[in-house]
Amino acid sequence: MNALQPPTQADIDREIAEHEGSRPGAAHPARDYAPYRSSVLRHPRQRLVVVEDPEAVELTGPAFGVTDVTALDNDLTRRHQGEPLGERITVTGRVLDRSGRPVTGQLVEIWQANASGRYAHQRDDHPAPLDPNFTGVGRCLTDAEGRYSFTTIKPGAYPWRNHTNAWRPAHIHFSLFGQAFTQRLVTQMYFPGDPLFPYDPILQSVTERPARERLVAEYAHDLSVPEWSLGYRWDIVLDGPAATWMEEGR
Ligand SMILES: [Fe+2]
């Protein structure tokens with residue numbers, strides 16, 4: 001690979017193939033997964049710092065009160081005067097522990113691009129239109145069965161500068177807050193059948209196919225509402241052999 005030229009898809013394909021199954025039994029990708037170029041520069045190189053007083057971190061870190069979360073916060077289509085453009089969807093599922101028990105009262109936050117693949121963020125300046133009726137953030141608390149639910153629009157694919165002609169498959173970012181900020185987990189949910197999966201080094205950084213598949217929601221016709229929206233179901237397992245892969249080192 002020429003350091004002066006952006007790598008091509010062929011370069012990235014070759015690197016992905018070299019890494020496929022490179023950490024057998026490990027659902028978590030290497031922190032310096034080379035095809036995802038910025039991970040090589042950004043991954044932690046020092047030993048983790050042991051926090052002497054974890055409670056002090058919790059006292060000064062971000063917190064939330066359950067009363068702050070309103071019933072409208074999980075509907076990303078009703079934040080502005082008009083309706084956002086795009087395909088209206090509901091995304092729902094359960095947050096479960098390794099034994100399959102529901103994790104209740106959990107703060108689930110999401111953020112995503114609009115239907116054109118553009119984030120409402122100053123650092124996203126690629127030439128796709130912003131939607132004045134879509135900001136792309138939402139949150140809710142899991143119920144007694146560990147269930148979360150969002151109404152939103154299906155995000156578009158978007159380009160990034162990892163390599164020449166690099167596009168992210170449509171995805172929704174998820175955060176699970178835990179009991180304190182130090183427990184926060186972050187991951188991404190994908191949509192079934194996306195043709196960009198093989199070309200995406202972030203998804204492919206999870207080198208085991210079953211672990212990758214656990215990041216893909218299923219289309220759920222029973223969740224589709226006639227004349228209104230399409231339904232997707234995606235469960236999140238926090239740990240154990242069926243765990244949903246979470247991003248590290250944030
Ligand atoms: Fe994204």
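The legends below describe close-up views of a predicted model. Residues are numbered from 1 along each chain as its sequence is written, and side-chain values use heavy atoms, with hydrogens and water left out. Local features need pLDDT of at least 70 and side-chain atom pairs count only at pLDDT 80 or more, whereas totals for chains, interfaces and linings use all residues.

**View 1. Salt bridge between Arg161 and Asp125.** A salt bridge places a side-chain nitrogen of Lys or Arg within 4 Å of a carboxyl oxygen of Asp or Glu. The closest N and O atoms of Arg161 and Asp125 are 3.9 Å apart. The pair links distant parts of the chain, 36 residues apart: Arg161 is in the loop between β5 and β6, and Asp125 in the loop between β2 (107-111) and β3 (137-141); strands are DSSP runs (E, at least two residues), numbered from the N terminus. Arg161 is exposed at a relative accessible area of 73%, and Asp125 is exposed at 57%. Here buried means under 20% relative accessible area, exposed over 50%, and partly exposed in between (1.4 Å probe, protein chains only).

**View 2. Salt bridge between Glu83 and Arg88.** The closest N and O atoms of this pair lie 3.1 Å apart. Glu83 is partly exposed, with a relative accessible area of 46%, whereas Arg88 counts as buried at 18%.

**View 3. Asn165 and its positive phi.** Asn165, a residue other than glycine, has a positive phi near 65 degrees. Asn165 sits in the loop between β5 (158-160) and β6 (166-168) and is exposed, with a relative accessible area of 61%.

Definitions and conventions. Helix = DSSP H or I, 4+ residues; strand = E, 2+ residues; numbered from the N terminus.
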